[in-house]
Amino acid sequence: MSSVEELTSGVRAAIEQACALAREPLSDDVRRHAAHVVADTVGVSIAGGRTAEMTRLRGADDELGGPPPAGGSTVLAAGAELASAEHAAFHNATAGGFLELDEGTRPTGHPGMHLVPAALAVAEATHRSGAALLGAVVAGYEVSSRLLAVFRLRPPTHPHGHLAGIGGAVAVALLLDEDPLAAAAIAATTPVVPVWNACYVGATARNTAMGLAAQTAVRSIRLLRAGFTGSIESIPALFGGLTGQPVDDAALREPVEHARPRILRNYFKRHSACALTHGAIDAVLSLPAVPVTDIESVEIHTVGNNLKLDRQPAPNDLSARFSLPYAVAAALTHRASTVETFDYDPDVAGLAAKVAVSAKPEFDRRWPDHAPTEVVVRTSAGTLSAVVDDPRGHHHDPLSSDELRAKFVGLVGGAQVDETALWQRILALPNVDDCSEVLRPLRAVSPV
């Protein structure tokens with residue numbers, strides 16, 4: 001096993017290599033995909049921002065003081081006022097956690113929602129170009145994805161709030177012409193380290209883990225300019241010892257693929273539930289519909305990594321989204337996948353009690369490159385089964401631009417915004433001179 005010193009050296013090398021991506025022109029394919037990551041993240045945040053908690057948070061004015069003063073960054077809610085980059089990053093990344101629709105990488109984390117809100121807020125406030133924003137996002141994603149591949153988190157540590165946020169600090173530093181390594185060191189020194197238990201019980205404060213990481217990414221530059229210093233050694237010490245272990249040291253030093261950076265190996269979500277449920281949901285939706293009253297039992301055979309969701313839900317929406325039996329029961333009941341499909345319903349929970357989950361050794365041998373899942377539904381009329389190698393939306397089975405646009409329109413629609421125009425403005429980022437104009441349609445409507 002590598003020492004802390006060797007891992008620290010590797011982390012430094014990974015950050016330096018990733019930054020090379022931002023210093024050279026990106027290919028059209030990479031820029032287009034990065035713009036899709038930005039658009040998807042914005043759409044998910046706007047939809048999450050309509051939840052009751054986020055709506056009340058925007059209007060908070062109590063004995064602790066009112067909302068932050070106006071600034072130059074957009075809070076992703078129709079008609080919301082501009083805010084400081086730190087506040088916008090926190091709000092937008094936190095909102096992005098509510099519906100479990102944010103993109104991700106395997107194994108396993110969600111770089112986009114940690115770093116895009118931070119980089120976008122800074123690019124807006126400082127009038128950076130769209131090309132600069134996309135370059136910073138690609139470089140930050142490279143750092144986050146490599147760190148998440150190197151360190152296997154030890155249960156019950158959850159992947160939000162820490163390693164992906166370090167990539168956010170790198171992205172912000174690149175936009176502001178500051179030292180990415182120094183900014184990453186500051187972000188690494190003060191991580192948020194949540195646990196899965198909060199998801200299981202439905203503690204919505206866990207959604208702030210990504211918000212705090214995005215906020216820290218922005219604040220790292222303020223601290224850096226004030227003379228604060230950080231410790232890169234914090235990364236291997238915490239995630240290679242206390243909360244995890246290194247399993248793929250080579251990922252730190254492998255050459256950067258300019259034609260195929262790690263952001264191209266992400267996945268986009270179609271289902272409003274934890275990503276570990278998506279293969280099973282896809283398998284169910286590929287089966288013929290059967291009356292719920294005819295279902296006698298359901299079996300899910302999957303990879304061992306997904307067993308952390310082998311649990312029955314508490315009676316709330318967040319907990320339901322982190323139950324593999326509930327996700328399958330919801331898909332069997334509704335035969336559809338909308339945001340509301342995975343909200344808690346006692347009747348669906350009753351069916352979830354008939355679902356058994358187990359790991360299949362031959363599936364585990366294919367993880368994490370693939371995440372095979374088999375669903376077997378036993379009914380009074382016979383047995384149905386389906387196997388999915390990877391959820392639709394994974395880079396092995398990617399969504400088209402039209403499918404991503406449809407997801408965006410569905411999430412943003414109802415926010416009194418011309419969602420098609422907003423989508424087009426974000427997809428045009430490669431040719432945008434000033435990012436402060438991109439989200440203007442969202443600010444030009446009445447507050448909701």
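# Pocket, sheet and helix pair

Visitor: Which helix gives the most to the lining of the largest pocket?

Guide: This is a predicted model: local features need pLDDT of at least 70 and side-chain atom pairs count only at pLDDT 80 or more, while totals for chains, interfaces and linings use all residues. Residues are numbered from 1 along each chain as its sequence is written, and side-chain values use heavy atoms, leaving out hydrogens and water. Helices (H or I, at least four residues) and strands (E, at least two) are DSSP runs, numbered from the N terminus. The top contributor gives five residues, and it is helix 18 (residues 401-412).

Visitor: How much space lies in the largest pocket?

Guide: On a 1 Å grid over the protein atoms alone, a pocket is an open set of points where a 1.4 Å probe fits, with protein on both sides within 12 Å along at least five of seven lines; lining residues have an atom within 4 Å of a point. Grid points are joined across faces, edges and corners, and the volume is the space filled by probe spheres set on them. For the largest pocket this gives about 390 Å³.

Visitor: Which of the lining residues are closest to the centre of the largest pocket?

Guide: The lining has seven nonpolar, five polar and six charged residues (Ala, Val, Leu, Ile, Met, Phe, Trp, Tyr, Cys and Pro count as nonpolar, Asp, Glu, Lys and Arg as charged, and the others, Gly among them, as polar). Of these 18 residues, the closest to the centre are Leu 101, Val 339, Lys 407, Gly 410 and Leu 411.

Visitor: How many bridges join strand 7 to strand 8?

Guide: A hairpin connects the two strands through two residues. Across the pair, Val 375 stands opposite Ala 386, and Glu 374 opposite Val 387. Strand 7 (residues 373-379) and strand 8 run antiparallel, and the number of bridges is seven.

Visitor: At what angle do the axes of helix 4 and helix 5 cross?

Guide: Axes are lines fitted to C-alpha atoms, for helices over the stretch in contact, and angles run from 0 to 180 degrees between N-to-C directions. The axes of helix 4 (residues 85-95) and helix 5 (residues 111-125) come within 8 Å, and the crossing angle is roughly 150 degrees.

Technical notes:
Pairing = 2+ DSSP bridges.
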